[in-house]
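Colleague: I would like to learn how to read a model like this one. Could we go through it feature by feature?
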There are 2 protein chains.
Amino acid sequence: MDFYEIVRTRRSVRAYQPSVIPEEVLERVLDAARIAPSGSNRQPTRLILIRDEERKRRVAELCHGQTFIATAPVVIAACGRDIQYNRGEWMGRCSVIVDVAIAVDHLTLAARAEGLGTCWIGSFDGPALKQFLGLPEDVEVVALTPLGYPQGDPFRPPEGRIPREEFVMEEKWG
Amino acid sequence: MDFYEIVRTRRSVRAYQPSVIPEEVLERVLDAARIAPSGSNRQPTRLILIRDEERKRRVAELCHGQTFIATAPVVIAACGRDIQYNRGEWMGRCSVIVDVAIAVDHLTLAARAEGLGTCWIGSFDGPALKQFLGLPEDVEVVALTPLGYPQGDPFRPPEGRIPREEFVMEEKWG
């Protein structure tokens, strides 16, 4: 599928069909995330796939009750290891967030290319999820997404974006 | 261009032709970033394009002397406004990093689709760049990238990625 068509029509999908994702499709989507770039190629990102019905429901609860998440056949928790390097000097241990976000962005676009829906989930109980998923001390959940075939046809252009003149500046701020 | 071909062959480009990027090409690439998703569609990301030769060289110096950056016709500083919301409860004011990283990832993939090179720059003197670009108090540089037509043909598959078995886990860590 054409790249710009993917970018233009990726939407947050909040209603899923229960149908299983063929493994070869899932592998292509996961591989898009796996080969994503990371700072100095340190690859701090790991994905945890939750497919068990009961566990998906618990994850949805820990995302502050966003119950639609559990309706997708797969829920992905994108985790990042604190790799003790810094970027830009103000980001501290949050530098890893850049790398995980890149991988998840690759994944969401690949999913759209396959006709699969995703939804960036940023609101969750981090400590409780960390315990539930058994993460090591130096690993944190950065984002989650459900993954599955959407109900209906949600893929359409985005709404409510700021105009280019506001988004882009020349030479300096303002 | 096919999405997976883009993902597979995007590489960090560190040698650029000085040739100008046609404005319509630049606009497509910038628009891919502009329409990227952000948490609750709050759109905290802004791009600053540096095209002035002297200013590009200064930016490269502030990226700890990565002089190749200034050889591209355009250098982009991706900035994020601290929008005072939180994700996952451990990220604090670094939450905005997710949104900026999504936008820049869209941009780097769009650039590849156009035959343009980019290079994620995460090593920079944040406070000095912030001053140089005239950013408001609540805005920070998250990442930079040069943008331009590469010298030679750098687009080829990535090297040195961990295998899928290491990248993906089922149900929980380990």
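Colleague: Which residue is the bridge partner of Arg81(A) in S4(A)?

Modeller: The bridge partner of Arg81(A) in S4(A) is Val139(A). Before we go on, some ground rules. This is a predicted model, where local features need pLDDT of at least 70, side-chain atom pairs count only at pLDDT 80 or more, and totals for chains, interfaces and linings use all residues. Residues are numbered from 1 along each chain as its sequence is written, while chains are lettered from A and ligands numbered from 1 in the order in which they are written.

Colleague: How confident is the predictor in chain A?

Modeller: Read the pLDDT, the predictor's confidence in each residue, from 0 to 100. Chain A averages 95, and 100% of the residues score at least 70. For the complex, the predictor gives an ipTM of 0.97 and a pTM of 0.97.

Colleague: How do I read strand pairing?

Modeller: Strands of a sheet pair through backbone hydrogen bonds, either parallel or antiparallel. Here, two strands count as paired if DSSP finds at least two bridges between them. Take strand S2 (residues 74-81) of chain A: eight bridges join S2(A) to strand S4 (residues 139-148) of chain A, and the two run antiparallel. Strand S1 (residues 45-50) of chain A is also antiparallel to S2(A), with six bridges. There, Leu49(A) stands opposite Ile76(A) in S2(A).

Colleague: Are S1(A) and S2(A) buried or exposed?

Modeller: Count neighbours. A residue is buried if 20 or more other C-beta atoms lie within 10 Å of its own, exposed if 12 or fewer, and partly exposed in between; C-beta atoms are placed from the backbone. Five of the six residues of S1(A) are buried, so S1(A) is largely enclosed by the rest of the structure. S2(A) is mostly covered, with six of its eight residues buried. Across chain A, buried residues make up 48% of the 174 residues.

Colleague: How compact is chain A?

Modeller: Compare its radius of gyration, taken over C-alpha atoms, with the globule rule, which is 2.2 Å times the number of residues to the power 0.38. The radius for chain A is 17 Å, close to the 16 Å that the rule gives for 174 residues, so chain A is as compact as a globular protein of that length. Its C-alpha trace spans about 50 × 40 × 30 Å along the principal axes.

Colleague: With which strand of chain B does S1(A) pair?

Modeller: S1(A) pairs with S5(B) in the parallel sense, over three bridges. Ile48(A) has Met169(B) as its bridge partner in S5(B). Now look at strand S5 (residues 168-170) of chain A: this strand pairs with S1(B), parallel, over three bridges. Here Met169(A) has Ile48(B) as its bridge partner.

Colleague: What is the strand order in the sheet that holds S5(A) and S1(B)?

Modeller: The order is S5(A)-S1(B)-S2(B)-S4(B)-S3(B), an open sheet of five strands with mixed pairing. S5 of chain A and strand S3 (117-118) of chain B stand at the edges, each with a single partner strand, so one side of each is left without a neighbour in the sheet. Within this sheet, S1(B) and strand S2 (residues 74-81) of chain B are antiparallel over six bridges. Ile48(B) stands opposite Ala77(B) in S2(B).

Colleague: How many residues of each chain are in contact with the other?

Modeller: Two residues are in contact if their C-beta atoms, placed from the backbone, lie within 7 Å. By that test, 67 residues of chain B are in contact with 68 residues of chain A. On the chain B side, H4(B) gives the most, with nine residues. That side divides into 38 nonpolar, twelve polar and 17 charged residues. Ala, Val, Leu, Ile, Met, Phe, Trp, Tyr, Cys and Pro count as nonpolar, Asp, Glu, Lys and Arg as charged, and the others, Gly among them, as polar.

Colleague: How are the two chains related?

Modeller: Two copies of a chain are related by a rotation about an axis and a shift along it. Chain B can be laid on chain A with an RMSD of 0.0 Å by a turn of 180° and a shift of 0.0 Å along the axis. That is the relation of a two-fold axis. Copies are superposed by least squares on the C-alpha atoms of residues with pLDDT of at least 70 in both.

Definitions and conventions. Helices (H or I, at least four residues) and strands (E, at least two) are DSSP runs, numbered from the N terminus.
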